[in-house]
Amino acid sequence: MTIETNKAILELLLTEKENLLSEWNKKILINKDDPFKDKIKDNGTAMFQLIIQFLIKEGDELEEYIQKLAYSVAEQRVKAEINIGDFVYNVNLGRTIFLEILNRSEIHFHELQSLYEKISYCFDKFLYHAVSRYTDAKDQIIKEKTQFIDSTHKDRLTLLGQMTSSFIHEFRNPLTSVQGFIQLLKSENPTMKYLDIISNELEQLNFRISQFLLLSKKELIGKEKITFSLNELIDEVLIFLYPSILDGKVKILQDMNEDIYLNGYADEIRQVFINIIFNAIDVLTQYRSDPVIHIKSKWTPEGHIKLDIANNGPRIPEHLVSSIFEPFVTTKTLGTGLGLFVCREIIEKHQGTLTCDTESDWTVFSITLPTEKQTKVKG
């Protein structure tokens with residue numbers, strides 16, 4: 001490009017400066033909640049001056065100016081918490097208006113080609129530095145928030161573990177004494193009414209308390225793993241819950257593989273099934289006139305057994321699905337939010353996984369566990 005052409009272009013741009021900025025200001029996207037909305041026009045003016053300087057001279061110094069302006073604007077965008085897409089649109093709008101002004105000149109296209117490339121390079125560099133800076137800043141914010149959430153979550157679980165340990169210690173001692181005296185009463189008064197009911201209720205209470213040990217990551221003394229039938233355990237749970245199933249008029253469908261044997265704590269796995277199936281019954285009786293629970297098992301490619309417990313209840317809200325197994329998260333008005341958390345702890349303790357998938361027609365809790373044979377190989 002000749003010196004005369006370069007001079008003519010600069011004069012054209014300086015002459016059209018006010019028109020260019022005015023047109024850009026009319027078309028840019030500005031969010032009314034943007035705390036830096038008054039600075040957006042100033043940033044446009046700074047960009048115009050930068051491009052003029054870029055056309056006059058070259059060198060690393062100009063690259064530094066582009067980066068400095070880009071970083072400044074990027075930090076404003078981060079603090080504004082406004083969609084970065086608006087910013088990218090506004091920058092590209094400025095590029096378009098610049099090129100349209102050049103197209104209106106009488107200078108031949110071939111002479112303008114290098115100028116187009118310079119202007120596009122300047123805009124591209126500016127966008128690159130701004131978006132990179134914005135992304136890094138956002139990633140840092142997310143990282144800090146995640147660390148804070150993880151730290152808070154661990155503190156809550158630690159406190160919960162300490163509370164449950166103390167609670168269990170203080171509660172089980174008198175409970176053991178009561179159970180002992182019930183046995184004495186039964187031996188001395190074998191015909192006395194209601195002693196069996198009281199004894200059974202105390203055993204249930206003792207079992208429930210034992211489950212809270214999972215929150216403190218402690219094991220029951222003397223407790224050993226056993227080999228048990230998965231199919232028989234499911235049948236036991238369904239018999240135990242039969243009154244609730246009958247009362248809710250819930251249809252139970254079973255599609256189980258040949259009898260599968262697991263190695264672990266049968267009472268804990270039983271409690272997982274009770275919690276999940278009872279939760280399903282509770283939801284179905286409130287929302288469905290044709291409640292169905294479908295229990296089926298299948299082998300995974302890794303050779304594990306996968307048990308799906310599905311119900312045709314309402315879809316779980318999306319914001320709860322990702323956190324439904326976290327402590328204190330519940331969809332029930334009077335729920336503690338610990339049931340599914342304990343279920344996951346039990347399954348993971350048995351080297352398995354517990355997941356939830358919910359759609360408009362079905363909600364499925366999937367439990368994957370190694371079989372007794374696989375457990376022995378691992379051991």
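Reply: Lys 27 is partly exposed, with a relative accessibility of 42%. In this predicted model, the side chain of Lys 27 forms a salt bridge with that of Glu 23, at 3.2 Å from N to O.

Other pairs join separate helices. Glu 75 and Arg 133 meet through their side chains in a salt bridge of 3.0 Å, N to O. Glu 75 belongs to helix H4 and Arg 133 to helix H6, so this pair ties together parts that lie 58 residues apart in sequence. Glu 75 has a relative accessible area of 36% and is partly exposed. Arg 133, with 33%, is partly exposed too.

A further salt bridge connects Asp 124 with Arg 95, whose closest N and O atoms are 2.9 Å apart. Here Asp 124 is in helix H6 and Arg 95 in helix H5, so the link spans distant parts of the chain, 29 residues apart. Asp 124 is partly exposed at 42% relative accessibility, whereas Arg 95 is buried, with a relative accessible area of 13%. The cut-off for buried is under 20%, so Arg 95 falls within that class.

The count of salt bridges in the model comes to seven, among them the pairs Lys 27 with Glu 23, Glu 75 with Arg 133, and Asp 124 with Arg 95.

Notes: Residues are numbered from 1 along each chain as its sequence is written. This is a predicted model: local features need pLDDT of at least 70, side-chain atom pairs count only at pLDDT 80 or more; totals for chains, interfaces and linings use all residues. Side-chain values use heavy atoms; hydrogens and water are left out. A salt bridge is a side-chain nitrogen of Lys or Arg within 4 Å of a carboxyl oxygen of Asp or Glu. Buried means under 20% relative accessible area, exposed over 50%, partly exposed in between (1.4 Å probe, protein chains only). Helices (H or I, at least four residues) and strands (E, at least two) are DSSP runs, numbered from the N terminus.
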